[in-house]
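Dear colleague,

I am handing over the structure below, together with notes on its ring contacts and its charged contacts. Please read the notes beside the coordinates.

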Amino acid sequence: MTSTRKAGPFIAFMLALTVLFVALGFWQLQRLVWKDQLIAAVEDRARLSPAALAPAALWRGLVPDAYDFTSVSLTGTFVAEQPVLVFTSLSEPRGALGGLGYWVMQLFALEGGGRVWANRGFVPEDRLGAFGPPPAGPVTLTGLMRRPESANWFSPAADSAARRDYIRDPARFPAPGGVPNAVVAPFTVDLASMVGERLPQAGETVMEFPNRHFEYALTWFALAALASLLLAVWLRQRRVEPASLAPLDPRD
């Protein structure tokens, strides 16, 4: 009886682990379905004809998951300020240039009011001096809306004085000069192309989405199977041990 009482908590613990691992496996399968649907929706969104960018009054109400990679058109004028250079590594470029370099983020004043940080494209680290200012005067551009990137523990702080950064987040970029209380979009726009410009190299939006939920699900199910197997082996050993420890018959 005492042995059974001691074994009870361990058996309950192993069974609870098994149930937990199975539940986590099914949760990852649900995440897999969600991620597949999200990727399909984003790819469809990016292929649509450009729609007019929402007016500035509506920007704060936009949901990042709903607008990310939406194809838009915007009309206005580039602001005559130095761009913000965001460090990046372009491993699979669509154009001729790739590797370590920078996104050239230029402030763009919209015709209907408000300002947007437009990603003019990629410039290799060794060719920073090879691109010039953006075109002057009113222009109509097309591109993809991008949600702000999130910093992590390893993200260096922005260098506002040098106008350098490591993530594309308008909240970290310098405030626009000369226009007090200017409304700046909480998102950025990756430009599809810039007529007459080889650098920056536009149209380099990276559309890759980590999707390892199936692997994670298999891992959790494997742990569930392992926990069940260990419990079964342990129970079998407990049934065998008493017989093996029985005293020998003196008549043998």
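A salt bridge, as the term is used here, is a side-chain nitrogen of Lys or Arg within 4 Å of a carboxyl oxygen of Asp or Glu. The model is a predicted one, in which local features need pLDDT of at least 70 and side-chain atom pairs count only at pLDDT 80 or more, while totals for chains, interfaces and linings use all residues. Residues are numbered from 1 along each chain as its sequence is written, and side-chain values use heavy atoms, with hydrogens and water left out.

By the salt-bridge rule the count comes to eight. In one of them Asp-68 meets Arg-146, with the closest N and O atoms 3.0 Å apart; Asp-68 sits in the loop between helix H2 (64-67) and E2, whereas Arg-146 belongs to strand E6 (residues 139-146), 78 residues apart (helices, H or I, of at least four residues and strands, E, of at least two are DSSP runs, numbered from the N terminus). Arg-146 also forms a salt bridge with Asp-190, where the closest N and O atoms are 3.9 Å apart, and this pair links strand E6 to strand E8 (residues 184-191), 44 residues apart. Both Arg-146 and Asp-190 are buried (under 20% relative accessible area, with exposed meaning over 50% and partly exposed in between, for a 1.4 Å probe and protein chains only).

A further salt bridge joins Glu-149 and Arg-168, with the closest N and O atoms 3.1 Å apart. Glu-149 lies in the loop between E6 and strand E7 (164-165) and Arg-168 in the loop between E7 and E8, so the pair ties together parts that are 19 residues apart in sequence. Through shared partners, salt bridges join Asp-68, Arg-146, Glu-149, Arg-168 and Asp-190 into one network.

Turning to the rings, the structure holds 10 aromatic pairs (rings of Phe, Tyr and Trp, the last by its six-membered ring, with centres within 6.5 Å; planes under 30 degrees apart count as stacked, over 60 as edge-to-face and the rest as tilted). The rings of Phe-78 and Phe-108 have centres 5.0 Å apart and planes at 75°, so this pair is edge-to-face, and both residues are buried. For Phe-87 and Tyr-102 the centres are 5.6 Å apart and the planes at 75°, so that pair is edge-to-face. Tyr-102 is buried, at a relative accessible area of 9%, whereas Phe-87 is partly exposed at 29%.
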